[in-house]
Each structure stands twice: as C-alpha cells, then as structure tokens.
Amino acid sequence: MIQDLMQLTINGLLQGGIYSLISIGLTLIFGVTRVVNFAHGEFLMLAMYATFFLFQMSGMDPYFSLLIVTPLLFVLGLVAERLVIHPILNAPSFMQIFSTVGLSVALQNAALFFWKADYRSVKTAYSTQTLVASDLLISVPRLIAFGAAVLISWGIFLYLKKTYTGKAIRAVAQNRTASTLMGINIRKIYFLTFGLGTALVGMAGVLLMPVYYVFPTVGGLFVLTAFVVVVLGGMGNLTGAFAGGLIIGLVESYSGFYLATQLKEAVYFIIFILVLFLKPSGLYGIVGSEEMGEK
Amino acid sequence: MKPARFQFWKTSQGIILLLAFAALLIFPQVVHHPFVLHLLIMMLFYASLGAAWNIIGGFAGQLSLGHAAFFGLGAYTCVLLHHYTGVTPWVGMLLGVLVASLFAAAIGYPCFRLRGPFFTLATIAFAEVLRILVIYFKDFTKGSVGITIPQKMGLGNFMFREKAPYLYIILIFTAGVFLISYLIEKSRFGYHLIALREDEDAAESLGVNTARTKLKAAVISAALTSFGGVFYAQYIMFIEPYSEFSLDLSIQFALVPMIGGMGTSVGPIIGSFVLTPLQELLRSWLGGQFAGLYLVIYGIILMLVVIFMPQGILGLIKSFWTSSGEKS
C-alpha cells in the first residue's frame, strides 16, 4: 500500500520533470511575447527526431546529442519567430493562435511525409536500466532526465536573474511599454526568447528520447499537457511551470493507478478547467496576469 | 456616405446568393456525378458550420476552439438514442440540439469570464474531456470502436441511397443558418454582440448585459452546430469519438469564417466555397502516395491567411469596392 504510493510518487515526479522542462519553454514564450504557441509540441517532436537520426546514423549517445540538438532547436526557434510570430505580434490573440496552429499542422505533416507514421525509438544500454532501493524501482534514464531537467531549469532561472539580457527579458515580460521606454529593444527580446523557449523544449525532447518513442504527432500528446501545466502554474511564471509540471506528473501517476489509465487525461483537464475558473492567474498568481488574458 | 459602388456590392450580394440557392436546387437534377455532389454537400456542410461558429466566434468575438464538443454531442445523442430505442433520428436530432444547448449554457457561464487565450484553451479542454469520457464509458457509447448506423433507407430514418436528398437537407439548413446570421447581424442583439466584441467593458457600461448576450449567442451557435453533427453522422453512417470531438474539426469550423470574413453573415459561405473544394481536391490529388503533404500545404495556407489576409476574402473585396469607389 505505502509502497505503491511511494513508487507512484517516484514515477510521477520523474515524469513531471519532463513536463516541467517542456512547460518552462512554453511559459517563457508566453510570458514575454504573449503568444500561445501551439507549435511548441512540434519542436519537441523535431528534437526527438534529430536525436533519433543522430543515434541511428552515427551511433551518437542521446545525451551527447544535447550539444547539437539544443543549438539546432534554438536556431529553428529564431527562424520560426522571424517567419511566423514576428508578423503577427500585434494581432489579436486568436489570430496568433491560428498562425501557430498552422505552423503545428505544417510541421507535423511534414514529419509524416518525410519520416512516415512509424514509431521509432533509441535503444541504448541504459534504456531499461533500473535502480533498486528497498523494493522501489527507479528507471535510470528517467532519473537522468529528471536531474537534467532540474539543472536546466535552475540554469535558466539564474540566467534570467543574473545576466543583463535575462533582466531585460524579465522586464519585457512585466511591462512592454515601460521596458521600451527604458531603451530595451523589445523586438530583439522576443526573437531571443522564442529561440530560448524552443531550445528548452529541444532539450526536453533529447532527454525524453531514451525512454520514449517518436512519431509525427508525439508533440500534440505533450503540448496539451504543457498547456495544463502552464495555466496551473500561472501563464508566464517559470517557477509555477516547474511546480505545475511536477504536480501534473503526480496527478497523472496517481489517477492512472487509482482511477483508470484512460481517465488520467480527463482528470488533469478537469483540474485545468477548475484552475481556469477558480483562479485563472494560476498557483503563483502574478500581477498583470489578468491583463494577459484581456489581450 | 458609402460610395454608390459599395451599395451596389451590397445589393448584388443578395441577388448572387438567391441565384446560387436556385442553381443549387436544380443542380442535382442535372448532375449525378457522386464526387461532384459530395463536394457540394461538403461545401454547404462547412459553410453552415462555419456560420454557426461565426455567431459566437465572429459576431461576439468569443473565439472557441471547442465547437467539436457540440458537434459530437449532437451526433452521439442522436445515434445512441436510435441505437438503444430505435427512435427516428429526426427526434434524436431535436434531443441532440437540446443536449448541446444545455451543455453550452452550462459551460458558457463560467467560460465567458475568461478572456483571450484563456477562453480558447478552456473550450479546447471541454471538448477533450468529452472525447475522453466517450472513449471511457464504452459499455454505453461503444468507445473508440464507434457505432455504425444500420442502413435503413428512407426519409423517416434520415438516410438515403442517393446523394441528392442530403444535398437538399444541407442546402436548406445552410440557408437557415445564413438567414439567422443575417437577422442577427441586422438586429439589436447583433449590435450588442459586436459592441461587446469591440470593447466588453464599454458595452457593459452602456447597459448591454454582456453575460446574457454572450450566453444567448453561444446557445444558438451550439444548437446549430449540433444539427451539423447529426447530419454528418447520418451522411457517413458512422460515428467514433476521435473524429467527432477532434480539435481539427473545431479548427476547421473557425477557419471557414476566418478565410471568408469573420463576423459577417456571408463570410462563412464564401470561406467554405473557396476552402472546401481546395481541400478536397488537394486531398484527392495528394492524399494517396504523399501522405501528409496536403496538410503541410493546409498549414502553410493557414499561416499565410493570418499574416496577409486577416480580414478574409470579404475584407479584400470590400476594400477593393470602397477604395475604387472613393477614387471615382
């Protein structure tokens, strides 16, 4: 009984780490550009494919490919911002949603066209390795993914807190107009933030690859979860997204076991709806999140 | 004063629509090619559903991406009723409309407090929850296997061997939705919707009961959408949760008026008559060996429309007539 609960907690937290990393990218982009990026999941998918092909063609260890995939996704994010986000920054939020939905549909089906609908996975020596600690099983690649997610999140917090550019990003997130008046080139900040957010989801994709499989619509699976996490944590709030990811991981793990596997999604969508209705500013309600909604 | 040429465009619109309606009435008597008739049915189908979405999405600016929920509720209510009791789909349709309207009223009240992307995300979540529940309660709903509607032809069973009767039904329905949209557009209610779309707080301060106005529009929109669900189920004689409640469907309903011109009664019709044939043709040309390619093009079109044509086709036409009118 207790042991079940502990095992479920471990599984939930480990899965939640990945959700956190995906969601931090999404919430960073939202907080700064106020664009709800429906193509976020497709960047995850592209990163997973990149990891897969690097492994298949050169036998590169998935974790080593972080060094290649992360900058690749950063550049992809920059390109996407220039082509798709930049022209619609001042459009109504719905138009922005449609534009990113268009990007999502195009990328998803380009993947289907080039790589077919097959499920592909990376088989490494550690893919199925587990640690056993007094009857509890801990999957090694999931533990690595969790540890890396925590480290990366910590890194991005430090970057935003300590560096000059990081401070500028936070300033733009808090108040566009005032930061323009302070001499921040907000267009440049949008550009950079989109790249950063995409690089973060790219790292999540790499870390996910040893324990998951990739197929063209894999992004859709994760992006809705990421939206739940982001709203739960408070749109645009990084700490919130991190905590929200862990919470949703736990909820998924518990409800999958105690309720029914098929219902776990319903459970977190219902949480999502309740959060929207009861406290739309999320767990870590930040000043100005009402204004975000109004756009 | 609007220029005369603009007035001309306005009146010619009505005449064009009447002529089109008459032509479509005669059409199945002359042309019997099943693909052509199917294409026309789909054009009208998306025109009517786009117009239904447009009432809450376009006029009131409440941009839902969860309309598949109403569509699926209509279809499932009707088909399940027929499946378990054998009641004619026409009665099931009325019940489906009722269920969808009640659902819209129930979720409308809390949803309408949300704004911008929050509202849109909430509508997506509702449709997803419904889909998951339909899959989960498979003893009652047959789950992801879906339900094949038994073939019992005849008007009483809302099922026909030929395509022409379906064409007539959807034609009358489209005309009905258009008429409702047109009447709304010209009415006090319509002005209230547009006022709250432009500035909700200002509308409220001028005495518009925004909550009730939005709720009314949502219920009308949901009721019409659920009829579309019933029609589609009876047309393809099969339902299953993944397509009935899909996000793609909700996107399509919103895309049609966006292409044509959001918040106008003609917009969705123009949108569907341009978009649907394009999609169906692309799908039949590229669907087979180039899986995915047609949807890549679809996605790119979506982005281009948002970036270069945010007012839709109608916006382009209007700016053409007004600007050339002003010059003369």
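Two residues are said to be in contact if their C-beta atoms, placed from the backbone, lie within 7 Å. Helices (H or I, at least four residues) are DSSP runs, numbered from the N terminus.

This is a predicted model, in which local features need pLDDT of at least 70 and side-chain atom pairs count only at pLDDT 80 or more, while totals for chains, interfaces and linings use all residues. Residues are numbered from 1 along each chain as its sequence is written, and chains are lettered from A in the order in which they are written.

Let me begin with the interface. In chain B, 34 residues are in contact with 38 residues of chain A. On the chain B side, two or more residues each come from helix H5 (117-136), helix H12 (247-260) and H14; H5(B) gives the largest share, 13 residues.

Next, one helix pair. Helix H4 (residues 93-115) of chain A packs against helix H14 (residues 293-308) of chain B at about 160 degrees, with axes 7 Å apart. The two are therefore roughly antiparallel (an angle over 145 degrees, on a scale from 0 to 180 between N-to-C directions). Phe98(A) and Phe113(A) are among the contact residues of H4(A), and Tyr298(B) and Met303(B) are among those of H14(B).

Finally, H4 of chain B. The buried residues of H4(B) include Pro89(B), Val97(B) and Cys111(B), where buried requires 20 or more other C-beta atoms within 10 Å of the residue's own. Their cover includes helix H3 (68-85), H5 and helix H10 (210-236) of chain B.

Note on methods: Parallel < 35°, antiparallel > 145°, perpendicular 65-115°, else oblique. Buried ≥ 20, exposed ≤ 12 C-beta atoms within 10 Å, placed from the backbone.
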